[in-house]
Amino acid sequence: MEQAMTMASVDDRLVMIDIYEVGCQFCRKMDRETYPSPSVRSVLDRDYHPVKINGNSEEIMNFLGVELAHRDFAAQMGVTAFPFTVIMDAEGNVIDSRRGYQDIVGFTRFLNSAVEKSRES
């Protein structure tokens, strides 16, 4: 996470955080169907630094200079169900978030919309 935030500040990209849960059927479906799609990959490769976080993990991460468990980060982001996707800028400002499974078309629109929102602000 820390590396993605640093890289985003250097190349003016956004950070896309995929918060998942082990055993989550729809998380696995996005991993199988949505993320590998050429249209999704194109937007991610051009505009984002993707990060995956296990929303129930005790693993410690660094977010904006603060160490916290992945599950605490998920709670801070308002995760109520998995998968949960958060888009933020390099300063840690949340641009947008979505709860639940997203198909290829919907996820591509979501990613492009977040890029547009970030450019407007």
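This is a predicted model: local features need pLDDT of at least 70, side-chain atom pairs count only at pLDDT 80 or more; totals for chains, interfaces and linings use all residues.
Visitor: Which of its contacts is polar, side chain to side chain?

Guide: The side chains of Arg-99 and Thr-80 are joined by a polar contact of 3.1 Å.

Visitor: And where does Arg-99 sit, in which strand?

Guide: Arg-99 belongs to strand β6, residues 94-99.

Visitor: Is Arg-99 buried or exposed?

Guide: Arg-99 counts as exposed, because its relative accessibility is 56% and the cut-off for exposed is over 50%.

Visitor: Let's go inside. Which residues of the largest nonpolar core touch the most other members?

Guide: That core has 20 residues, and the ones touching the most other members are Met-1, Val-15, Ile-17, Ile-19, Phe-63, Phe-73 and Met-88. At least two core residues come from each of α1 (2-11), β1 (14-20), β2 (48-54), β3 (60-63), α4 (70-76) and β5 (84-88). Another core, of 15 residues, lies apart from it, with Tyr-35, Leu-44, Leu-111 and Val-115 among them.

Visitor: Back to Phe-73: what is it in contact with, setting aside neighbours within four places?

Guide: Phe-73 is in contact with Met-1, Ile-17, Ile-19, Ile-53, Met-61, Phe-63, Leu-68 and Met-88.

Visitor: Now α1. Which of its residues are buried?

Guide: In α1, the buried residues are Ala-4, Met-5 and Ala-8. They cover an arc of only 100 degrees around the axis, so they lie on the same side of α1. Gln-3 and Val-10 are exposed on the other side of α1.

Visitor: Why would residues three or four places apart point the same way?

Guide: Because an α-helix has 3.6 residues a turn.

Visitor: Got it. What do the buried residues of α1 pack against?

Guide: They pack against β1, β2, β3 and β5. Just after α1, Asp-12 takes a positive phi of about 60 degrees.

Visitor: Last topic: which cysteines does the disulfide join?

Guide: Cys-24 is joined to Cys-27, with 2.4 Å from S to S, and the count comes to one disulfide. The link of Cys-24 and Cys-27 is right-handed, with 80 degrees about the S-S bond.

Visitor: Are those two cysteines buried or exposed?

Guide: Cys-24 is buried, at 7% relative accessible area. Cys-27 also counts as buried, at 6% relative accessibility.

Key. Residues are numbered from 1 along each chain as its sequence is written. Side-chain values use heavy atoms; hydrogens and water are left out. A disulfide is a pair of cysteine sulfur atoms within 2.5 Å. Buried means under 20% relative accessible area, exposed over 50%, partly exposed in between (1.4 Å probe, protein chains only). A nonpolar core is a set of buried Ala, Val, Leu, Ile, Met, Phe, Trp, Tyr and Cys residues joined through side-chain atoms within 4.5 Å. Helices (H or I, at least four residues) and strands (E, at least two) are DSSP runs, numbered from the N terminus. Contact means heavy atoms within 4.5 Å. A polar contact is a pair of N or O atoms within 3.5 Å; within protein, one must be able to donate a hydrogen and the other to accept it, and residues adjacent in sequence count only if both atoms are side-chain atoms. The arc is that of the directions from the helix axis to the C-beta atoms.
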